[in-house]
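Please keep the sequence and the model in view while reading.

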Amino acid sequence: MPSPDSTSGTAAPPALATVWPGSSYPLGANYDGTGTNFALFSEIAEKVELCLIADDGQETRVRLEEVDGYVWHAYLPDVTPGQRYGFRVHGPFEPASGHRCDPSKLLLDPYGKCFDGEFTFDQALYSYDLTAAEKDPAETTTLPGVDSLGHTMTSVVINPYFDWANDRAPRTPYHETVIYEAHVKGMTQTHPAIPEALRGTYAGLGHPAIIEHLKSLNVTAIELMPVHQFMHDHRLLDLGLRNYWGYNTFGFFAPHYQYAANRRARSAVTEFKSMVRAFHEQGIEVILDVVYNHTAEGNHLGPTINFRGIDNAAYYRLVDDDLSKYKDFTGTGNSLNARHPHTLQLIMDSLRYWVTEMHVDGFRFDLASTLAREFYDVDRLSAFFDLVQQDPVVSQVKLIAEPWDVGEGGYQVGNFPGLWTEWNGKYRDTVRDYWRGEPATLGEFASRLTGSSDLYEATSRRPSASINFVTAHDGFTLNDLVSYNEKHNEANGEDNRDGESHNRSWNCGVEGPTDDPEILELRARQMRNIIATLMVSQGTPMIAHGDEIGRSQQGNNNVYCQDSELAWMDWSLVDKNSDQLEFTRRATALRKKHPVFRRRRFFDGEPIRSGDEVRDIAWLTPAGKEMQHQDWGGEFGKSIAVFLNGEAIPEPNARGERVVDDSFLMCFNAHDHEVDFVIPSDDYASEWTAVLDTTDATGSVSLTVHDGDEVSLPPRALLVFRKTK
């Protein structure tokens, strides 16, 4: 039986009564109510030590003698929740061969469910001589052997038991879903109704004030920007900045502990679960933005904190003709090796854990194309897709792809398998172009408005496969989209070189803040146009947090490093921009009430019944006549009316009953001048009542028209009518 080896120090190390062989599954540290089983995969290791860290920093090392299928394991009956630990992996340090084992580094558990401490980013974290590399960047093969204990974070054993009470997943169908993208800290840091101690935390996000706000917007799912444990980049810290967004993961099983209100109690796991339970009680799903495409260790010059030192060649994609370097399809320095069975297992185990143990309802996969690269190209038949498809747990939750990466051929909008939905980048670009008045956008605008059948129907997907969005965390806020032509990212310390330069934005005549009332009114109307378009489009709408109250980032379209008021929600805007908030609530309520805006199947444009010429959808010129082929490029190519037939919804409801709704007529005018719309003949309806008007600050309108009437629609406006006779 192995015996613990104690390191020297001033305090006595933890006492261990015994060490048992334990099990190779599950991986990680798993407490069963009596003791803890530890298991770590490493194919390249020659020796693995489990390191137990006392509160005073004392270390006790336990050599793991048992190895099954490259999994090193032991069971320690005396180890209970709260125990800090790490691993030391002995093996080859041969960068040219792709191996970077370094036993001087205390390595974090890839399956760790909680972490504690901070990184110091001095020589201790790096497995090469920093001084030598400063003189010669190619000199990264000298192993300095500086111990990282005390300079790195530690893994922590958790108590897995939690009272979920009667928690049930809402399981909201996609076609009834409205997603709200939010940041845990940014959403809560300045909210006046949240106790100061809870601001910026999971407990703050689950506070009734936040839930009430979301419910008022008819939101059914909150999509959280990364909450997996992440690292703040050394470069950013030197600049006085932080990795605010969190796309720098190293712990795929652990909620980021700095978002916990009670960090000393290591309560992040319990607090996260309590937050999920609170959302579920109000029928709101929780979706996580997950980053399985790369890790925080960066390229060959990055720190050694876990994967690199455990089994570098297994966990990372390496350059074929130079194994000391990393393939980078993500722009972050490395790419996880989703071709390796143990890396795939890590990803799938993580996904299942968050569903079964943390009760989340779905995932948005950052740069998802990277996960589908078998060799170089993105492959719809990749092992990752196969595993997700057949997994009885993961396949049943919401799966949302960001369908691109930065590698060649990485833009894959519309090309993911049938189980998946996608952030529809083409929807974003088309709606932006249409409302800023770009020419020749009408045809594509019509396709995006109706669910993008050109992208999703061929794979037997429904309109809801299109996650419709115009703004998100990455890029301008809605307010900035209509206020800036150029990005203004100087605060990021990169001389405004970072961030997207082609934003398809329009400042309405003045760059940035202005007191001109006409420009301010136009900007407000443009924001209303975009929100209204989002809510009357077929597909699954997503709102970026703060757009409902006109949040601004002062033209910064890449606030990934701005953990400050620049990026946080400014809740004073609830009062200042109350009209914008009321309009958003009105638009989302319209969508919620009327299934004709959220059909489960695509339109076919055919008559409802034989001999009946009224279709499920009709496209009309401003003159009230059905669009002909030549009309799509006509002189009115920025204006169109759309008829939606509420009596022609072919799909039944969940109980098999026919769905019948009101019919609607939507008049879109993206011109810079007024356009007269003729209400179509009584083949459609004899009377229409306006229900949403973007020329009004709150969308309210009192207008009833009849067939043949002429309605003058101001420039850049949308008017929605409901059939009343």
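Is the crossing of α8 and α9 left-handed or right-handed? In this predicted model, the crossing of these two helices is right-handed.

## Packing of α8 with α9

Helix α8, residues 341-356, and helix α9, residues 383-390, pack with their axes 11 Å apart and at an angle of about 35°. On the α8 side the contact is made by Leu344, Ile347 and Met348, and on the α9 side by Ala383, Phe384, Leu387 and Val388. By class, the residues of this contact are seven nonpolar, with no polar and no charged residues.

## Packing of α10 with α11

Lys426, Tyr427, Thr430, Val431 and Tyr434 of α10 make the contact with Leu442, Glu444, Phe445 and Arg448 of α11. This contact of α10 with α11 comprises five nonpolar, one polar and three charged residues.

The model holds seven cavities of 30 Å³ or more, and the largest cavity has a volume of about 90 Å³. Its lining consists of Val470, Thr471, Leu478, Ile530, Ile531, Leu534, Met542, Ile543, Ala544, Asp547 and Thr584, with α14 and β24 (540-544) each supplying at least two residues. The lining of the largest cavity divides into eight nonpolar, two polar and one charged.

The second largest cavity, with a volume of about 70 Å³, is lined by Arg432, Trp435, Arg436, Leu481, Val482, Arg504, Ser505, Trp506, Gln526 and Ile530. Here α10 and α14 each supply at least two lining residues, and the lining of the second largest cavity divides into five nonpolar, two polar and three charged residues.

## The second largest pocket

About 680 Å³ of space lies in the second largest pocket, which is lined by 28 residues, those closest to its centre being Asn479, Gly550, Leu573, Lys576 and Asn577. The elements that give two or more residues to this lining are α13 (478-481), α14 (517-536), α15 (573-576) and α16 (578-593).

Among these elements, α14 gives the most to the lining of the second largest pocket, with six residues. By class, the lining of this pocket has nine nonpolar, 10 polar and nine charged residues.

Technical notes. Residues numbered from 1 in each chain as written. Predicted model: local features only at pLDDT ≥ 70, side-chain atom pairs only at ≥ 80, totals over all residues. Heavy atoms only, no water. Contact = heavy atoms within 4.5 Å. Helix = DSSP H or I, 4+ residues; strand = E, 2+ residues; numbered from the N terminus. Nonpolar A, V, L, I, M, F, W, Y, C, P; charged D, E, K, R; others polar. 1 Å grid on protein atoms, 1.4 Å probe; cavity = no way out; pocket = protein on both sides within 12 Å on 5 of 7 lines; lining within 4 Å. Points joined across faces, edges and corners; volume = space filled by probe spheres on them. Axes fitted to C-alpha atoms, helices over the stretch in contact; angles between N-to-C directions. Left-handed = near helix turned anticlockwise from the far one by under 90°.
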